[in-house]
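I opened the notebook to look up a few places in this fold. I want to go step by step.

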Amino acid sequence: MTETPVPILMYHSVATAPNDATRALSVAPEAFSEQMAMIGDLGLTPVGTADLAAGWRTGGLLPPRPVLITFDDGYEGVHRHALPVLAKHGFASTLFVSTGWIKGAYDTGGGLDTMLDWDQVRELAAADVEIGGHSHTHPQLDQLDDDRLRYELSRCREIVAQELGTAPASFAYPYGYSSRRVREAVRESGYAQALAVGNALARRRQGPYALRRVTVRRSTGIEEFGRLLEGRSIARTFAGDRALTKGYALVRRARQVRRKAIRSRV
């Protein structure tokens, strides 16, 4: 059983000409191809989210140097640009879909750029891409009341099951935000594991509902990408992100306290 830290890469869009809303987290197709080649050259083996969690949970066998390749939201470029590269290398990956952003019958119009449709999601699933849940409308889950939280989780799972014939086993928190209440709701909704962000390597002791990922951005050069895979200088690379996250966490916590106080007076 692998006890060493595992890099879980968090991608969003893979696009040649992303819009302003997704540009910072959109990787160019050429960069994505180079990054996947490096994973192969370094002898790492991509596995699915469910496979890693199951291996850590049960003590099952995992490859000596696993890595996870994950995509959030459901952008069309994952099918157009990422899938051919993944197929070329025979790499497993995980796509976390916000079901209300996927083009089709459940589309709420919230997608930030060109999104996948359900036929493309099915093609990805048939090509060794695990399809996970990412909520229905991509809200900050820890800011929702209990009823809305349960709806976001269950509606997402229900739609994926309807469209693919199999309910998703894995979940990724929108924006990476969670809390003990959110993690418990995710577990109760039937998801067996969930990914946060955290910009750190994943470790078994984090628990199956708080596994950390590292963000791959448009500005991530190939040398920095190599450091992410090897777990080198991650704290320095994301120092600015962590300072912002801590500051915003205080603001969000204050909002939650204020809302609870208001509800208790009603």
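Helices (H or I, at least four residues) and strands (E, at least two) are DSSP runs, numbered from the N terminus.

The model is predicted: local features need pLDDT of at least 70, side-chain atom pairs count only at pLDDT 80 or more, and totals for chains, interfaces and linings use all residues. Residues are numbered from 1 along each chain as its sequence is written, and side-chain values use heavy atoms, with hydrogens and water left out.

**Entry 1: strand S6 and its neighbours.** I checked which way the side chains point. Ser-93, Leu-95 and Val-97 point one way from S6, while Thr-94 and Phe-96 point the other way; all are buried.

Next I looked at pairing (two strands pair if DSSP finds at least two bridges between them). Strand S5 (residues 66-73) runs parallel to S6, with four bridges joining them. Asp-72 has Phe-96 of S6 as its bridge partner. From S5 the chain crosses through H3 to S6, and this β-α-β crossover is right-handed. Right-handed here means that, with the strands pointing away from the viewer, the path from the first strand over the helix to the second runs clockwise.

On strand S7 (residues 129-133) I found five bridges to S6, again in the parallel sense. Thr-94 has Glu-130 of S7 as its bridge partner. The chain goes from S6 through helix H4 (residues 118-126) to S7, in a right-handed β-α-β crossover.

**Entry 2: His-79.** I found His-79 in helix H3 (residues 77-89). Why does His-79 count as buried? Its relative accessible area is 18%. Its side chain makes a polar contact of 2.6 Å with that of Glu-123. A polar contact is a pair of N or O atoms within 3.5 Å; within protein, one must be able to donate a hydrogen and the other to accept it, and residues adjacent in sequence count only if both atoms are side-chain atoms. Leaving out residues up to four places away in sequence, His-79 touches Pro-84, Leu-116, Gln-120, Glu-123 and Leu-124. Contact means heavy atoms within 4.5 Å.

**Entry 3: after helix H6.** I noted that H6 is followed by Gly-190, whose phi is positive, near 110°.

Notes
Buried means under 20% relative accessible area, exposed over 50%, partly exposed in between (1.4 Å probe, protein chains only).
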